[in-house]
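Here is a short briefing on one protein model. Look over the sequence and the structure first, then read the points below.

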Amino acid sequence: MYQPEIGMPKPDSDSELVTIPCPACGFNNSFWGKLDDNGFLIEHYGRQCQGYFEDEDGEREICGYRFRAKFCDECGADNDIAARRCHQCDAPLIDPDKKLREALKLKDALVVACNDMTLTAGKNRNQKPQLKVTYHTHEGNDLHEVWPLASKKQKQDFLARFVRPHLVDRHRPFDATAPTKVTASQHRFRPPDFVIARKQGRFWHLRQKIFDVESFITQDRLTAMLAQSRGQAFAEHDAS
Ligand SMILES: [Zn+2]
Ligand SMILES: [Zn+2]
């Protein structure tokens, strides 16, 4: 019997072996996954590419592209979805569904599904370059985030904490920090699944972004959770 990913048992009875090409190296991975009636892929459970590169000396280097990753809120590093602590900075990693559940318990938090985002290049009042990110939500409340991009530290912070979790094609390096260059590559960035805003005074401020929720929580459970908290959060939101 061919084993798709070492140590990974068949997740459930309607899973089958699917071939998933790696966007980084092109290797055809065999993962457990689900197909619809027409044979189209619904989802797969593969985590990391099993392909490898061979350098000039014939040394093998594992590709390691992560199909699913848990991004560290502190340093932005990508970690295996099962990791409890960040491999780069040792910060604890919290599962997206737990983050979501905790946010839903907060009285002054607004939890909304995000369906799109817009990047706008600009300057702050001191004429220093900055990037404004607008997160568009299903409910029509836009939330903003501003990344100053003048100093070396600001640029590094942006690359680690914005670029890494938002970049879709992570196998292609992205190191631009000039706001106009970043906006020109908007298509390479994905919106988060959810944004969490906290109220500060009269305004809602973006506090947290949650990625890759679908892999941890079923859509039905999520809808129920959101519906439960929605009445309360929006009653407060509308009143502001
Ligand atoms: Zn690969
Ligand atoms: Zn970290």
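**Helix α2**

Helix α2 covers residues 152-166, 15 residues in total, and its first and last C-alpha atoms are 20 Å apart, close to the 21 Å expected at 1.5 Å a residue. Keep in mind that this is a predicted model.

- Which residues of α2 are buried? They are Phe158, Phe162, Val163, Pro165 and His166.
- The cover over the buried residues of α2 includes β6 (70-71) and β10.

**The sheet of 5 strands**

- Five strands make an open sheet in the order β10-β9-β8-β11-β12, and their pairing is antiparallel.
- Strands β10 (143-148) and β12 (203-210) are at the edges with a single partner strand each, so one side of each has no neighbour in the sheet.
- From one strand to the next, the twist of this sheet averages 45°.
- Strand β11 (residues 194-200) runs antiparallel to β12, and 7 bridges join the two.
- Across from Phe194 stands Ile210 in β12.
- Strands of a sheet pair through backbone hydrogen bonds, in either a parallel or an antiparallel way.
- Helix α1 (residues 96-105) lies across β8 (109-123), β11 and β12. The angle between α1 and β12 is about 155°.

**The largest nonpolar core**

- How many residues does the largest nonpolar core have? It has 29 residues.
- Val111, Phe194 and Val195 have the most contacts inside this core.
- Two or more residues each come from α1, β8, β9 (129-137), β10, α2, β11 and β12.
- Strand β8 gives the most to this core, with 5 residues.
- In soluble globular proteins, nonpolar side chains tend to be buried together.
- Leaving aside neighbours within four places in sequence, Val195 is in contact with Val112, Cys114, Tyr135, Thr137, Leu143, Leu206 and Lys209.

**The sheet of 3 strands**

- Another open sheet has 3 strands, in the order β1-β2-β3, with antiparallel pairing.
- Its edge strands are β1 (16-21) and β3 (41-44), and each pairs on one side only.
- The twist of this sheet averages 55° from one strand to the next.
- Strand β2 (residues 28-35) pairs with β3 over 3 bridges, in the antiparallel sense.
- Which residue of β3 does Lys34 stand opposite? Lys34 stands opposite Glu43.

Note on methods:
Residues numbered from 1 in each chain as written. Chains lettered and ligands numbered in written order. Predicted model: local features only at pLDDT ≥ 70, side-chain atom pairs only at ≥ 80, totals over all residues. Pairing = 2+ DSSP bridges. Helix = DSSP H or I, 4+ residues; strand = E, 2+ residues; numbered from the N terminus. Axes fitted to C-alpha atoms, helices over the stretch in contact; angles between N-to-C directions. Contact = placed C-beta atoms within 7 Å. Expected span 1.5 Å × (residues − 1). Buried ≥ 20, exposed ≤ 12 C-beta atoms within 10 Å, placed from the backbone. Core = buried A, V, L, I, M, F, W, Y, C linked by C-beta atoms within 7 Å.
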